[in-house]
Amino acid sequence: MKKIDSPLELEYRDWKPEYLYSLGELSPFFRAIINDKQLMTSQCPKCKKRWMPPRGECPDCYEDVQWVPISGVGTVVCCSYVYFKGHGVELLGYLDLPYVYALIHLDGTDTYLSHGIKPKSQKMGEIKTGTRVKAVFKDSRRGTIGDFYFVPVD
Amino acid sequence: MRKVAVVGIGTTPWKMRNAERTFRSLGLQVVKKAIADAKIAKQDVDNVVYSIYCESMIRQQIPSVLMQDYLGFQGLPSLRIEAGAAGEGYAFSAAYAHVASGLSDITVYLALQKGGDFYDFNTRSRGDGFQNGMFISMDTTWLQPVMPSVPGFLSTFCLVPHMEKYGGPTPAQLARVSVKNYNNAYDNPEAQLHQKVTAEDILKSRIISWPTTTRMSCLYSDGACALVLASEDKAREITDKPIWISGTATSTYALARAEPDSIGRMLGTHIAAQRAYKMAGVKKPIDELDLIQVHDLITGTEILAYEELGLCELGQGGRLVDEGITERDGKVPANVDGGRIACGHVGGVSGAYGACEIVRQLREECGDRQIRVRNGRGVMQCIDGHASMSSVTVFER
């Protein structure tokens, strides 16, 4: 064998945890995406606040939420054009660079969802604060926030 | 509560990768230096606090138990704190509390993390391996599947809405902060980068998420540093140059909750700063601080930190840059070590290195890099990748 004189480096390819991961109290939200291409918000029965992303319980009142369907249309609160592909991003393959990462105020909700938007053109400035966008669902959906993305409303 | 001082520090040069030492040896080296700097015996230590951010990076869960054995601190208490890239601040507050409360007289605080062992065998890239491996740090249900990168997240949640709400900072000001930090790193022998750059170089480097470019974003590194904390009685026995911890606070304010008031702000830093200032008696930070070490994960968060730390009004951080206030020879120098942009960064460690830099500067041991010390006070601030966990500590000589 060849003699090694530098600090020894050991290859590890085995540490890849796999999961069958329970979505628990969020199951109604993701079931509606998979079954019906429908987005829902979670509303606190006590303070009436509608959380997006949704939660199983209201963090202010600790009440179990009620699930309310929403249109999936909303308004960009703020955004940044993305030129660097992160890894593990489920939108890659659907959104070419540059795409837009944005906070979106979905109609009928009280907090903002962060998500990716596919602009019509590659020119910066098309998507901006105030742009109306709508959710588009992937053909294949499995129960993640990456099962859909956004495009500008025509 | 008892007064607590830093009586010893130990650092090691930042490297993108330190293949010569495992995390255990890297940790021992800085503890050895800190104990030597304090001129105490290892047997004087009665407590150990660890800031170790990420287990997957070092391929080892529960690393503090191994570290405690490797350091030969059999029988002593140990505590590990993790809070993402604010972990070093959260752990430092805990170390302070142990000594202030009387639970410990002399505590060793060790901040330690390697990230350079990650590797992507498909692209044969350590950087890709790092990106793949650290993503589990972000909210895996609501953010990780759709977010681009940590600089992209901070640009979108903090920087861009801040620019829209408060009219600044400008891309030119963001670039100028990078140039400052590169210049500071150039003179710091322990910095990872020693490069002279121009604002044009910064602006022309690849865009990560507009307006943040590669060279407005942090490095990733292997790093470690240690501090020895002592009660007032012990500190006065040990050293004639104690650096007191006069205020320390943390605040967890979830930016990802994404409500109108929190967007474009780092409210956790604002809240933690108010608490730490109250404890330390700081009333007008711009006139009372000699230096600040702030979380420049992107240059945008450095400028926002100026504002949230109360050096100026909201939206005026860019003006401080233009006026050279935060340059090394300015009124309140920021990141005189070179910061995360050019000195080095890994979660759990870089804020602690900033604390060591403040101690060195307040002791006036920095030679050509020495800042002018007028008030004898410095502030360390750090946040995590969600900009939700914030820590602020005031040091005083």
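This report walks through the aromatic pairs, the ring-and-charge contacts and the A–B interface of a predicted model.

**The interface between the chains**

Let's start with how chains A and B meet. On the chain A side, 45 residues are in contact with 39 residues of chain B. The size of an interface is often given as the accessible area lost when the parts come together. Here chain A and chain B bury about 3,700 Å² between them, and 62% of that is on carbon and sulfur atoms.

On the side of chain A that touches chain B, the elements giving two or more residues are helix H1 (27-36), strand S4 (73-82), S5 and strand S6 (113-117) of chain A. Which of the elements gives the most to that side? That's S4(A), with six residues.

**Aromatic pairs**

Over all chains, a search of the whole structure turns up 16 aromatic pairs. Take A:Tyr101 and B:Phe157: their ring centres are 6.4 Å apart and their planes sit at 40 degrees, so the pair is tilted, falling between the 30 and 60 degree cut-offs. This pair crosses between chains, running from strand S5 (residues 99-106) of chain A to helix H6 (residues 150-166) of chain B. Buried or exposed, where does A:Tyr101 fall? With a relative accessible area of 0%, A:Tyr101 is buried, and B:Phe157 counts as buried too, at 1%.

Inside chain B, B:Phe92 and B:Tyr109 make an edge-to-face pair, with 5.3 Å centre to centre and 85 degrees between the planes. B:Phe92 belongs to helix H4 (residues 87-101) and B:Tyr109 to strand S4 (residues 106-113) of chain B, so the pair ties together parts 17 residues apart in sequence. Both of these residues are buried.

There's a cluster as well: A:Phe29, A:Phe30, A:Trp67 and B:Trp142 form one aromatic group.

**Charges over rings**

| Charged residue | Ring | Distance to ring centre |
|---|---|---|
| A:Arg55 | A:Trp51 | 4.7 Å |
| B:Lys3 | B:Trp244 | 4.2 Å |

A:His115 is found in strand S6 of chain A, and it is buried, with a relative accessible area of 0%. Its side chain reaches the backbone oxygen of A:Ile145 at 2.7 Å. Leaving out residues up to four places away in sequence, A:His115 touches a set of residues including A:Tyr101, A:Phe148, A:Tyr149, A:Phe150 and B:Val146. That brings us back to A:Tyr101, the chain A partner in the tilted pair with B:Phe157.

B:Trp210 lies in the loop between strand S5 (207-209) and strand S6 (212-213) of chain B. Why does B:Trp210 count as partly exposed? Its relative accessibility is 30%, which lies between the 20% cut-off for buried and the 50% cut-off for exposed. Setting aside neighbours within four places in sequence, B:Trp210 is in contact with A:Ser80, A:Tyr81 and A:Met124 from chain A, and with B:Ser155, B:Val160, B:Met163 and B:Pro171 from chain B. B:Ser155 is 55 residues from B:Trp210 in sequence, yet the C-alpha atoms are 7.3 Å apart in space.

Conventions
Residues are numbered from 1 along each chain as its sequence is written. Chains are lettered from A and ligands numbered from 1 in the order in which they are written. This is a predicted model: local features need pLDDT of at least 70, side-chain atom pairs count only at pLDDT 80 or more; totals for chains, interfaces and linings use all residues. Side-chain values use heavy atoms; hydrogens and water are left out. Rings of Phe, Tyr and Trp (its six-membered ring) pair if their centres lie within 6.5 Å; planes under 30 degrees apart count as stacked, over 60 as edge-to-face and the rest as tilted. Helices (H or I, at least four residues) and strands (E, at least two) are DSSP runs, numbered from the N terminus. Buried means under 20% relative accessible area, exposed over 50%, partly exposed in between (1.4 Å probe, protein chains only). A charge sits over a ring if NZ of Lys or CZ of Arg is within 6 Å of the ring centre and within 35 degrees of the ring normal. Contact means heavy atoms within 4.5 Å. Buried area is the accessible area (1.4 Å probe) that two parts lose on being put together, summed over both. A polar contact is a pair of N or O atoms within 3.5 Å; within protein, one must be able to donate a hydrogen and the other to accept it, and residues adjacent in sequence count only if both atoms are side-chain atoms.
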